[in-house]
Structure formats: structure tokens, C-alpha cells
Amino acid sequence: MKEVVVVSGKGGTGKTTLLGYLASTIEKTVLADCDVDAPNLHLLVAPKILHREKFVGSKVAIIEGPKCTNCGKCVPICRYEAIKTVGNKMLVKVAIDAGSCEGCALCSRICPSKAIKMVDRVVGEWFISRTGFGKMVHALLEPGEENSGKLVAMVKQKTRLTAKEENAEMILIDGPPGIGCPVISTLSGADLVIIVTEPTESGLSDLQRIVELSKGFGLTIGLVTNKADLNEDITRRIEEKASEENVRVLGRIPYDNLLAETMAQGRTVDKCVASPAIQAMDEICSKMRAMLGETSPISG
Amino acid sequence: MLPARTISTDLSVSEGWPTKIAVASGKGGTGKTLVATNLTRAIGNALLADLDVEEPNCYIFARAGSEEAHKVYRPVPSIDTSKCTLCGCCAKICEFHAIAVLPKEVMVFHELCHGCGACSMLCPDDAISEIDHFLGDAIVAKGGAFELVYGRLKVGEAAATPLIRHVKKMVPKEGIAVMDCPPGTACTAVESIRGAQLCVLVTEPTPFGLHDLKLAIEMVRKLKVRPAVFINKSSLPGPDIEEFCNAHGIPVLGRLPLDRRIAELYSRGELLAEHGLYADIFQDLRDRVMSEVRR
């Protein structure tokens, strides 16, 4: 079984577009969406939820009103500035902003009247679903919550279990943008990382950082340049950079309004008429399979 | 190039108070940086704070004359082995599992540490102090198309929020600041948007754009920040974002059509606000944003 992760550094370069195409082309796959705070893959593959579970990400501090003497000792020790005194000179009260609390429990430990309790914090939900392209594991972080990295780790764990049960040959994972904790969590243990970039100065700048991150984990990297003809000069610079960094170029997808319009209607691309972009993705798919074959010739 | 603009005094909203305009989105790649940089250029006397510290890009459009970087650290525990009795308290206290006490040593995992300070404060033997862990750079970029401050997270560092907090503190207490925020609706976006008067959510008329816009609006409202919308690639034949915004009482402050020429200008790191064809769109956006902030 092979695990392929599609990431990009910069957002909106076409991760989900490419992943949707790969999912519709390759058989015996299990899909996962690790972009837990802005998931999109489900909009493309119409999942039917088979199992759902709440996710407790951490703890959060709450003040048990009657016990609190409003002494204020907890206020300065909170590094997240989550505890504030509210009210006027006559009546000062201590209040915790749950949004800023990271659940370190220091306040509850130092409170002289034991008035601060740590309670479970449900930060999201994860799902196992059936789609036309195999099973899929996905999640949704409550807007504004933290611990997306932990929820990603949960999605990955459930994906691997599901893939085993399904006897899948490949796991296809849609990753989040950026290079921070949810991305680090997404990349861990992948057989192949496909980075989708675009030929813009921003895309190039972000590419260098996600390549450096992936290489830091010793991962095998393939590169796809979307909208490649938008700026041929930058596309060339991107591919030069790739060869310097030992990153395999999997292909270029041309700028294609038809593709944008198809995605705008929420359809997977295989259903629309043949176009240069689709042909390009088909070639990328074959190259990716060849590359996976190389990474371990005695594939299980 | 636009001539340097003299800004009429009515743009300074409330004397002595910072005006913070966040530019965010649920979905990545909808055009946050495009809107934030061009809006800042159109306002003229505003500061841009690039809070997308994982992948900062505003510097490309600022083309600053000079950059001054300083290193930012976060505190992590350091064990004084001469005082440590291997009692195991710190490992029990740490809610983030960043400390493991083994039979002969204490291991600290910097990448898991949230820097709460609980271990150093509560160690019964006073054996834990805090040392600096390098997080990334905070950079002031001067002499470009606009004044810019930004953060650049060290590659491999998971914790972006402490750097975001640091860059936010570099924004002066007075004047107008535009803040380019990271994508998504998780803690990094929250930290960036918190405290703004207005949050311009950049979206696109696709099912993905609309889906993530709904999540982003929920987040922005939780933070008690007023949401507004800018529709990029507005000519796409997807869901009707305007209708959605009207139904939910969210003002649409501007639109930009899907146009290959715009994509090409952006690809080269150029500002649309400096091109005759598109300058009006961002001057109009500036006026709408400022009147929303003053409401």
C-alpha cells in the first residue's frame, strides 16, 4: 500500500483538482482530506457518511463561579493572555476567554481556592464515508478552534486502518496549505509527496519552503506546475529549482478556463470533455505510478 | 505608477486608535494577498502586516528598498541536571506531553512545547529554567510600494501563533493597518483576525469558496469582528455569492473578474492598483472599506 500526499505551500494552486482527478482514475484507493479547517474534497466526491465521531482536542479552563474569590493570581501567569479581570473598581471579576486558552492547566494548578476546572474541549468531528471512488476519511474543525494538527493525526490514523480493511492499494491525501503543524502532521509517513505549485512569484517563494520542509523529513517529492503557461519564465525557474533540489518534475498543467468552470460547478474533471489540462493530468498520473514503483520495487 | 497620494484627513478614522482591517479567507489561494497588497497601496498611508508567517508573500509586492530582520524566540524548558531529582512532576504537569522523565534523564521535546511555563514555575526542586527556542524572523520592510511588517516562520517549526502574536505587536498604536491573514479557520487565522474592526473575506464563486466562506464567517463572528466580502474571479459560473451575502446581511465590498491578464500581472509580483485598468477597483474598495470601518 502506498501513501500519496498532495500539498502546495501556497493555497489554491489546484491540490483538490488534481486529487479529484487521481481519485477518479486510480482504482482501489482510500481518500483522506487533511485540510480539516477548510475541507473541500467532500464537495467533489459526494461522500455518504458511514461513521462519525466527536474529537476532543484538548482541555479548556473554566472558573467555577462560587469558589472563585477573584484574587487575580491566575491573571498574570497565563502566557496566552486568556485570563482577564473585568468590571470596575467596585466589583472586579476574573474571566477566562476560552478562545485564547490553550489548555495548559497552569491556572487551575496555582489557584489557591481550587476554583478553576479543566474540561474536555470538543474541537471538531471526524468521519468515515463511502464515495464513488472508495472510502474516505475526513474531518471538520469547529471554526476558530485549535489543535488542527492533532485532528489531522487522527484522520491519518483512521485512513490507514480503513485502507487496511479495504485492502486498498493506494491512499490519496489532500493536504492543507502552509508549512505549520497541520502540514507537518499530514506529511508524516508518506511514500510520496506531490507538491502542486503555480508559476507566480508567490508560488515560487512558497514552493521553496514546502520543499525544504518535505526534504527535512526525508520524503520523496514529485512536482506539478498548474497553470504552467501563465508565466513560462517562472515555470522554467521552478523546474530548475526542482532539479537542483532532487525533486522529480511530474508535469505541467496548462491554464484552462474550462477546468476552472468545471470545478466552479463542483464536478470532478473526468466527466467533462477532453482538454489539454486533462491530458496533462493523465500523464502526471502515469508518471506518479512509475515513481511509486521505483520507491519500493517489491511493492506490497 | 500612481502619483503619491495625499490622503485626506477623513481617512484617519479615529485619532489615536489603530484601525485594523483583516483580509482573510477560508479557502487558500482565493486572493487574500492580492486584495491586501492592493488595498494597502490604494489607501496610501497604511501599514501592511503580513501575518501569513508560514508562507509570507506580501514582500514580493512591496519591493522594499531595505529589510531589517530580527529573530523571534519562544521560551522552552531547560533542565538543570545538578538540581533535578527526576521526580517526574514536570512530565505529569505538562498537558502537551513535551517532557518525558526517564530513569536517568529528562527529555524535552521543543516542538511539542507550548511555552506555558507551568513546568518551570511548579518544579519542586527549582530545576527548570526557560531558554530561547528560535521560531522565525520578524521583518520590517521599508521604502517599497507600502510600509510592511511580516513574519517568516522557521521551516520545520510547527507553532506559528507565537510569531503571529509578535508581528501583531509591531503594528503601531496609531494609524491604519491592513493585515494579510493565513488561510483556514484554525488557530493561526483566529490569532491574526482577533482585534480587527473589519475582516474582508476574499472568496470565489465556486462550491469550495462558498463552503469555506461560511466557515470563515462563523469564525469571524465568534471573534466579534464585522465580516465583509470581496469576490475574486467573480465571473465564474458557480454559486451566487452575492445572493448568499445579501441573505446574511454581509456587505460585498468589491469584485474582480476571472481574467488571465490579472493572473499574469500577479504572477510577476505587480500591483493591480498601479495599473490604469484596475486601479479604480481598488480605490473603490478603499472607499467602501473605510466607510464600513467608520460605521
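This is a predicted model: local features need pLDDT of at least 70, side-chain atom pairs count only at pLDDT 80 or more; totals for chains, interfaces and linings use all residues.
Local features need pLDDT of at least 70 and side-chain atom pairs count only at pLDDT 80 or more, while totals for chains, interfaces and linings use all residues. Residues are numbered from 1 along each chain as its sequence is written, chains are lettered from A and ligands numbered from 1 in the order in which they are written, and side-chain values use heavy atoms, with hydrogens and water left out.

**View 1. Chain A as a whole.** Chain A has ten helices and eleven strands; helices (H or I, at least four residues) and strands (E, at least two) are DSSP runs, numbered from the N terminus. The C-alpha trace spans about 75 × 45 × 40 Å along its principal axes. Of the 300 residues in chain A, 57% are buried (under 20% relative accessible area; exposed is over 50% and partly exposed in between, with a 1.4 Å probe and protein chains only). Among contacts (heavy atoms within 4.5 Å) between residues at least 6 apart in sequence, 76% join residues at least 24 apart.

View 2. E4(A) covers residues 83-87 and E5(A) covers residues 92-96. The two strands pair in the antiparallel sense over five bridges; strands pair if DSSP finds at least two bridges between them. A hairpin of four residues joins E4(A) to E5(A). Thr85(A) has Val94(A) in E5(A) as its bridge partner. In a regular strand, side chains alternate between the two faces of the sheet.

**View 3. Ser185(A) in helix H6.** Helix H6 of chain A runs over residues 181-187 and includes Ser185(A). Is Ser185(A) buried or exposed? Ser185(A) counts as buried because its relative accessible area is 15%. The side chain of Ser185(A) reaches the backbone oxygen of Gly149(A) at 2.9 Å. Apart from neighbours within four places in sequence, Ser185(A) is in contact with Gly149(A), Val152(A), Ala153(A) and Lys156(A).

View 4. Asp256(A) caps the N-terminal end of H9(A), with a side-chain oxygen 2.9 Å from the backbone nitrogen of Leu258(A). After H9(A) comes Gly266(A), with a positive phi near 70°.

Methods
A polar contact is a pair of N or O atoms within 3.5 Å; within protein, one must be able to donate a hydrogen and the other to accept it, and residues adjacent in sequence count only if both atoms are side-chain atoms.
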